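Please examine the structure below.

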Amino acid sequence: MKHRTLGTGTALLTATAVGALTLAPAALAVEPTTASLSFDCGSFGSGEASLTATQDGTAATITLSTSAIKSPFPLSANSVSSTLTLTRNGSGTTTFTGNANPAIPAGGAVSTGPLNGTVATGDSLEATSLKVVVFGITATCNATSPQNPGPFVF
């Protein structure tokens, strides 16, 4: 009788463990986590940009650094307002915005982020434009190459 009880208990414990694993939410992660592309910022210049994406549930952030815009004078931390526009799933668009940046020396490349946005599972996002505002001066940059190695998939 003890063997039957032990066997039943083990089967119930195994079923409970499998059920818990089945009900556990899947870990969310963006792929790839880094990408690059080229921007043309008109009279402000052109160059490469590096993007780094992270995800926490439906909240996502993108940090961006680009040689396309160089600061003509030193910029203090958190003085750059940025909006990154991305194509969502090949047709719509979404924006990531923020006022975060490290201190940037005169002549230094603009680095901004984290820029904050909202994503849904399966969203595929590819950067198309960047708007940077410093002291009321706006630089608008348009992507001149596809994102490499490809869109961010959340």
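Q: How many aromatic pairs does a search of the whole structure find?
A: In this predicted model, the search finds one aromatic pair.

Q: Why is the pair of F73 and F135 called tilted?
A: The ring centres of F73 and F135 are 5.7 Å apart, and a pair requires centres within 6.5 Å. The two planes meet at 35 degrees; planes under 30 degrees apart would count as stacked and planes over 60 as edge-to-face. The pair is therefore tilted.

Q: What makes this pair a tie between parts that are 62 residues apart in sequence?
A: F73 belongs to the loop between β3 (59-70) and β4 (81-88), whereas F135 belongs to the loop between β7 (124-134) and β8 (137-143), so the pair ties these parts together.

Q: Why is F73 called partly exposed?
A: The relative accessible area of F73 is 34%.

Q: Is F135 buried or exposed, and how do you know?
A: The relative accessibility of F135 is 59%. Exposed means over 50%, so F135 counts as exposed.

Q: Why is S111 called buried?
A: S111, which is in strand β6 (residues 109-118), has a relative accessibility of 18%. Buried means under 20%, so S111 counts as buried.

Q: Which residues does S111 touch, not counting residues up to four places away in sequence?
A: S111 touches L64, S65, N101, P102 and I104.

Note on methods: Residues numbered from 1 in each chain as written. Predicted model: local features only at pLDDT ≥ 70, side-chain atom pairs only at ≥ 80, totals over all residues. Heavy atoms only, no water. Phe/Tyr/Trp six-rings, centres within 6.5 Å; stacked < 30°, edge-to-face > 60°. Helix = DSSP H or I, 4+ residues; strand = E, 2+ residues; numbered from the N terminus. Buried < 20%, exposed > 50% of the residue type's maximum accessible area, 1.4 Å probe, protein only. Contact = heavy atoms within 4.5 Å.
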